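Trainee: Could you show me how to read contacts between chains, and then a helix? I'd like the general idea before the case.

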Amino acid sequence: MPQSYDYDESSETWPFFILAVLCVVLVPLTAMQLWELVSGKKSEQHLKDQASILGEMSEQYASREILEFRAKAMAKKSKWLAKRNLFIIAGWTVVAYLVQYIGSNEEIQDAATLLFDPYALLDISTSSTDREVRSAYRKLSVKFHPDKLSKDLSSEQRSVLEEQYVLITKAYKSLTDEITRENYLKYGHPDGPQAISHGIALPKFLVDSSASTIMILTYIALLGLVLPYFVSRWWSRTQSVTKKGIHVKSASYFSDRLFNYKPSQVVTLDLIIEWLSHAEEFKLMFPELNEKTFETLLHDQINRKHSGNLETAKLRIVAKSNVLLFGLLDIATTFRNLEISNMTIDTLKAVVQATPISPYSQLLQLPNVNAESLTEGSVDDIRTIGKLFTYEDAKIGKILGIDDSTKLQETLSVASSIPHLKLIRAEFKVPGESVVTPQSMPHISLKVLVRSAKHKFFPPNLIPDEMCQDKDDFESLKDPFASLLEQPKLPQTFAPYYPGKRSGCWCALVVLQKDGKVIQTPMLVDRLSFENLNKDFDKRTVKNLDEEFKPEDWVIGSIKIPFSQPAPEEKGDFFFRVIVKSTEYFGTDLDFTLSLSVRDPSPVEQMEKEAADEASESDEDDSELDENDDSNDESDEEESDYTDIDTDTDDEEPEAGRVSDTKAEGDSAEN
Amino acid sequence: MATSLSALQYDTNSKLLDVPDASEDIEMNVKQINKLTQDLVSENNPNFTPQPRDDSTAMIKKLFENGLKQLQQQKMAEALKSVNLAIEMAQRKRTSWEAFAVQLQELQFMMKNRVDLCLVQGKFMDALQDLDFLQNTGLTTSDVFIRKTDSLLKLKQYEQARAEVERGLSLDPTNAKLRVLHIENTRKLAEYNGDV
Amino acid sequence: MSFNDTQHNSTFTEDDSGTVEMKAVSFYTPLIYVSILVISLIVFASHYRKKTVKELNELPSLFDESIARDLYFELKQMNDSGEAKVHEKVLKAALLNRGAEAIRRTLKLKESEPQITMLYKNGCVGEEYWKRYQNEVKIVELDFKDAVQTAELMQPGWPQLFIAVSKEICFNQALKRRFQAILLRKEVFSKQWQVNFDSTGKLIE
């Protein structure tokens with residue numbers, strides 16, 4: 001143990017120390033920055049990929065205030081990026097300087113050359129044989145042997161060369177002589193253990209006399225105050241935000257609301273807005289405002305009302321609502337509450353479209369619509385975009401109360417570009433199996449067609465099965481969800497009143513029909529092709545569906561919903577309600593019942609499978625699809641000879657009593 | 001919370017509690033206690049049991065049967081009134097501790113009849129809310145789904161109607177009436193969406 | 001001291017030929033050092049424990065209100081302080097209401113347990129919510145026990161029947177609440193769907 005420490009008087013170690021510290025910080029930061037740059041480009045690219053009329057119109061119809069707000073948000077982000085860039089550049093400059101300094105500093109060079117490397121000294125490769133070592137040594141010793149040196153060298157040069165000779169001899173010995181070699185391998189030097197010095201990578205003036213107190217204080221401050229401060233701040237930050245990105249207090253509040261929710265209460269938009277207005281995030285953003293104000297502001301957003309001098313505050317809390325509502329949705333689905341989950345997504349729609357929930361929301365979300373003439377003027381009760389497109393353009397103008405023809409054209413182009421989902425096929429699928437066997441792990445596989453409300457209706461069976469098949473290769477068997485990533489990201493939403501560009505998603509909820517409750521947290525669908533929307537398959541002009549419809553013209557989208565639990569142990573049919581709900585537009589959702597038919601694999605299939613393990617299994621797949629189609633579409637099923645029980649009370653009374661007895665316990669407790 | 005109760009008033013004569021301008025929850029609790037007090041005052045046995053009281057049962061039954069008689073005479077409005085009265089009586093006369101299973105069954109039975117009377121008279125919203133009540137108290141027979149779908153169709157809530165009829169079919173896949181309603185609703189929904 | 005000095009010097013001269021200056025260290029220095037360390041740790045621990053206990057006490061209840069319990073104690077206090085003579089049956093009614101509420105809460109907590117556990121595990125809620133849940137379970141349990149004990153005081157031998165009756169009351173009250181909500185639901189849905197009715201409730205088309 002050496003009793004004293006060397007200080008870095010010759011400044012040979014501390015540059016390395018600083019270099020190491022800098023690299024630890026700079027390398028990940030730079031990588032992060034580069035990654036963000038690339039992914040940012042990508043996300044911009046995707047907006048361009050699926051550029052649709054919706055995004056264009058969204059920009060066109062946005063008010064000046066909204067556009068300014070969006071621009072400001074972008075600027076803020078880029079400013080922050082600029083600061084980070086500056087830091088990265090400065091950091092690398094220091095690194096470059098240090099490297100240069102180390103390279104030019106002789107002391108450091110000397111220290112480096114003192115390291116003993118016999119192979120380098122003999123100028124041979126590390127894999128050289130004994131013979132090669134010997135020949136290299138002989139050659140060099142001839143050159144450097146003191147007796148062979150030329151006489152006219154100065155004494156200084158002579159001593160350098162002599163030293164070199166000693167080193168060469170040592171190197172040779174270390175590779176040939178047993179003991180020396182062992183020394184070299186063990187201690188890194190042929191002479192045995194070298195003196196080890198522990199140094200402090202600080203220049204001596206910092207440790208000397210008067211500066212030493214400052215140094216100690218700095219150490220204490222660093223280790224005792226600064227480090228704990230940052231660690232605790234980081235910790236409290238991670239503790240204050242849930243995994244879903246909302247404040248824990250907001251999450252607690254939402255959970256309380258769900259926990260105290262009385263089933264007799266009706267879930268309305270106002271209720272969700274009231275809950276939302278208690279979010280901790282809003283309080284942190286605007287400590288001077290209270291919940292009531294936030295509630296009013298959110299209602300202002302939905303009713304397209306200007307909030308006066310609180311307009312910017314309104315836009316900021318609206319922008320924050322998105323993540324909060326998703327947090328609430330997660331909590332509501334975990335509490336298995338379907339009503340609240342549905343209303344939460346509807347609230348998001350209302351906020352995004354700045355349109356209250358009413359029977360006419362579908363039409364009121366369109367631009368230029370005159371609400372009064374819509375509800376009072378029309379004779380026919382029109383509530384959907386699809387119904388709207390059964391009328392001639394001029395009549396539509398009248399219904400919506402739009403006189404200006406360019407405005408009407410814009411309204412119509414938005415209306416026809418709003419994506420409606422149409423279900424083509426739906427099934428529970430176990431990768432590599434033709435049926436869902438007991439306790440297998442199925443997922444819900446949907447084939448959908450993104451269509452415009454303007455398009456002529458056609459039954460899903462016009463789309464041939466071949467177009468609805470997934471690839472059956474090894475990759476998709478291994479990860480059936482991977483293929484979804486091949487679909488393009490959703491384009492920008494038409495949302496001129498929303499304070500940001502957004503593309504949104506569809507939320508897929510799965511509900512157990514037996515008790516009418518949600519069984520898993522929502523799956524978000526953010527990739528689907530909107531290509532079909534560019535098609536002009538106008539329901540007013542298409543007369544002969546069979547002639548004019550060409551299935552190959554249409555793009556079929558794929559949605560796969562992971563199923564949170566394995567298939568039941570016992571065979572039978574289990575029914576689930578699947579709701580695929582858009583977060584962006586009213587009237588574009590899917591809602592249907594799907595049966596999970598748990599069966600034993602049929603013996604024929606098993607034999608086939610054994611026989612044709614490697615051959616293509618397309619035939620089998622076809623039959624399987626047909627089979628599943630039948631079970632999905634109840635209305636198409638043949639009428640059974642079952643006679644209706646409408647005998648009322650007597651038969652059902654005891655059963656009802658029994659059911660309610662067991663169920664009521666839980667139910668009443670809920671109330 | 002206790003501070004908000006400082007306004008609690010107690011009437012020594014009527015033995016009833018009152019909290020003026022109280023929140024919904026307080027009001028509800030005060031009502032519940034007052035109901036319990038009234039029930040206790042008319043109960044002389046200190047060790048009362050959940051056993052249902054026969055006199056209440058008989059009276060409610062009589063009122064209800066009155067309604068059924070009127071129904072047979074095609075007096076729909078009167079029949080509904082009688083059934084409403086029977087339900088009202090059950091709410092008032094039954095003590096809070098009489099067996100829940102009995103009270104639930106009695107109420108559900110009367111409500112089912114009220115639903116039919118409402119449907120006949122075109123009171124679809126009344127029927128729908130009664131059906132919601134029945135469903136929420138654990139009655140999920142096909143009958144309830146059939147009537148619920150019917151009311152929703154009449155109220156032009158086709159999307160809700162679809163959810164109800166599909167759930168009904170999930171629980172009873174072979175029910176012919178539900179299937180007919182499903183087809184009808186699908187047709188109406190297509191028309192509503194202009195998909196014909 | 002001198003002994004100490006020489007020994008130190010000798011050890012050092014052996015290795016290091018006296019480059020290190022020696023300073024005399026008092027015998028108490030290590031003791032002071034250790035005692036400061038131990039005391040500060042003890043202070044921190046007790047402070048920390050007090051803080052967590054305080055935090056647990058300050059955790060808000062999972063339930064929005066505790067009116068059933070508060071009403072009972074308010075009445076009891078009214079009676080005890082002689083402010084008003086509260087009839088025994090009213091106190092009994094308030095106690096039954098409290099018992100019924102305690103049963104409802106016990107059931108509700110039991111029923112919500114898997115959901116709250118899942119919320120916590122999925123990271124949808126923070127640590128605090130989980131603590132609140134566990135706290136609540138204990139509080140409700142204690143409250144129910146207390147209500148049963150009060151029943152015994154009020155009428156010896158009653159508790160068993162009290163529990164049975166409270167259970168029925170709990171369910172019947174829930175049923176009644178739902179029944180009473182029908183009217184309000186009608187209004188809300190009529191507004192939401194924009195449908196109109198005549199005075200008897202018949203749909204106007």
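Trainee: How many residues of chain C are in contact with chain B?

Mentor: This is a predicted model, where local features need pLDDT of at least 70, side-chain atom pairs count only at pLDDT 80 or more, and totals for chains, interfaces and linings use all residues. Residues are numbered from 1 along each chain as its sequence is written, with chains lettered from A and ligands numbered from 1 in the order in which they are written. Two residues are in contact if their C-beta atoms, placed from the backbone, lie within 7 Å. Here, 43 residues of chain C are in contact with 44 of chain B.

Trainee: Which helix of chain C gives the most to the side that touches chain B?

Mentor: Helices (H or I, at least four residues) and strands (E, at least two) are DSSP runs, numbered from the N terminus. Helix 3 (67-80), helix 4 (88-122) and helix 6 (159-193) of chain C each supply at least two residues to that side, and helix 6 of chain C gives the most, with 18 residues.

Trainee: What covers the buried residues of helix 1 of chain B?

Mentor: "Buried" means that 20 or more other C-beta atoms lie within 10 Å of the residue's own, all placed from the backbone. In helix 1 of chain B, the buried residues include I26(B), V30(B), I33(B) and K35(B). Their cover includes strand 2 (17-18) of chain B, together with helix 3, helix 4 and helix 6 of chain C.

Trainee: And what do records say about chain C?

Mentor: UniProt, in an unreviewed entry, places a "transmembrane region" at residues 25-45 of chain C; its positions use the numbering here, feature names are shortened, and annotations may be inferred rather than shown by experiment. In the model, that span is 86% helix and 0% strand, its end C-alpha atoms 31 Å apart.

Conventions
A residue is buried if 20 or more other C-beta atoms lie within 10 Å of its own, exposed if 12 or fewer, and partly exposed in between; C-beta atoms are placed from the backbone.
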